[in-house]
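Colleague: I'd like to go through the labels in this model with you and hear what each one rests on. Could we start by looking at it together?

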Amino acid sequence: MESTRRSVSLSTLLWAGIFGGLISGLVKLGWENILPTRTALRNLTNPPQMLLQQIGIPKHITHLTYTYSGAQMPWVSFIVHFGFSIAFAIIYCLLAQKYAKITIGQGMVFGLAVWVAFHLIIMPLMGTVPAIWNQPIEEHISEALGHMVWMWTIEVFRSNWVLKYGRSRSLLD
């Protein structure tokens, strides 16, 4: 793969990943309000909750919520959701610095690859989500498009952060 030519500090890429991951996590949650990924029944235990239960965290912990405006919000799921978003954003920013081709389609191709790898292969094999043929088509559409928008948001942060802070003007330099 082709390497990028501009040298960028590690801290610049980390900050781009952290902020890009936070904002893209919000974007993905908003996307799921417009095109819900799961039926209400399947969302009684969402994938982050199931994953935590699979590693031994009890249901009474994984389903903890806080109340906002009368709605019960799954804060434990949010921690996992944003943790994964930030981790993948940092990985993407680091990889994009070394391999420019992963930014094809402004990161949306990479987002699709993450969706295929995790939602169609890894999580079904782990039993975290049903096999792909047992997931409704609406879930596939929402998740595929949602992952594209999620990664595009990260790419917007990465590319703009690199332009703005570059090598010597990083927040931590």
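**Labels and cut-offs**

Colleague: Is K28 buried or exposed, and how do you know?
Modeller: K28 has a relative accessible area of 5%. Buried means under 20%, exposed over 50% and partly exposed in between, with a 1.4 Å probe and protein chains only. K28 therefore counts as buried. Before we go on: this is a predicted model, in which local features need pLDDT of at least 70 and side-chain atom pairs count only at pLDDT 80 or more, while totals for chains, interfaces and linings use all residues. Residues are numbered from 1 along each chain as its sequence is written, and side-chain values use heavy atoms, with hydrogens and water left out.

Colleague: What makes the contact of E143 with R38 a salt bridge?
Modeller: The N to O distance is 3.7 Å, which is also within the limit, so the name holds. This pair bridges distant parts of the chain too: E143 belongs to helix α6, and R38 to the loop between α1 and α2 (47-54), 105 residues apart. Both residues are buried.

Colleague: Which residues are linked in the network?
Modeller: K28, E32, R38 and E143 are joined by salt bridges. In the whole structure, the search finds 5 salt bridges.

Colleague: Why are E155 and R158 said to be about one helical turn apart?
Modeller: They are 3 residues apart in helix α6, which means a separation of about one helical turn.

Colleague: Now the helices. How are α1 and α6 oriented to each other, and how do you know?
Modeller: Their axes come within 8 Å and cross at roughly 150°. Axes are lines fitted to C-alpha atoms, for helices over the stretch in contact, and angles run from 0 to 180 degrees between N-to-C directions. Under 35 degrees counts as roughly parallel, over 145 as roughly antiparallel, 65 to 115 as roughly perpendicular and the rest as oblique. α1 and α6 are therefore roughly antiparallel.

Colleague: What about the angle between α1 and α4?
Modeller: Those axes come within 7 Å and cross at roughly 135°. That value falls among "the rest", so α1 is oblique to α4.

Colleague: Which residues form the nonpolar patch on the surface?
Modeller: I61, L64, Y66, Y68, W75 and I79, with about 590 Å² of accessible area together. The area comes from the Shrake-Rupley method with a 1.4 Å probe, and for residues only the protein chains shown count as cover. Patch residues have over 30% relative accessible area and no salt bridge; like charges are joined within 9 Å, and nonpolar side chains (Val, Leu, Ile, Met, Phe, Trp, Tyr) within 5 Å. I61, in helix α3 (residues 59-62), has 34% relative accessibility, so I61 counts as partly exposed. β1 (66-68) and α4 (75-98) each supply at least two residues of the patch.

Colleague: What is noted about phi of S69?
Modeller: Phi is near 55°, a positive value in a residue other than glycine. Most residues other than glycine have a negative phi. S69 lies in the loop between β1 and β2 (71-73) and counts as exposed because its relative accessibility is 72%.

Colleague: And where does Q106 lie?
Modeller: In the loop between α4 and α5 (108-126). Phi of Q106 is also positive, near 55°. With a relative accessible area of 47%, Q106 is partly exposed.

Methods
Salt bridge = Lys/Arg side-chain N within 4 Å of Asp/Glu carboxyl O. Helix = DSSP H or I, 4+ residues; strand = E, 2+ residues; numbered from the N terminus.
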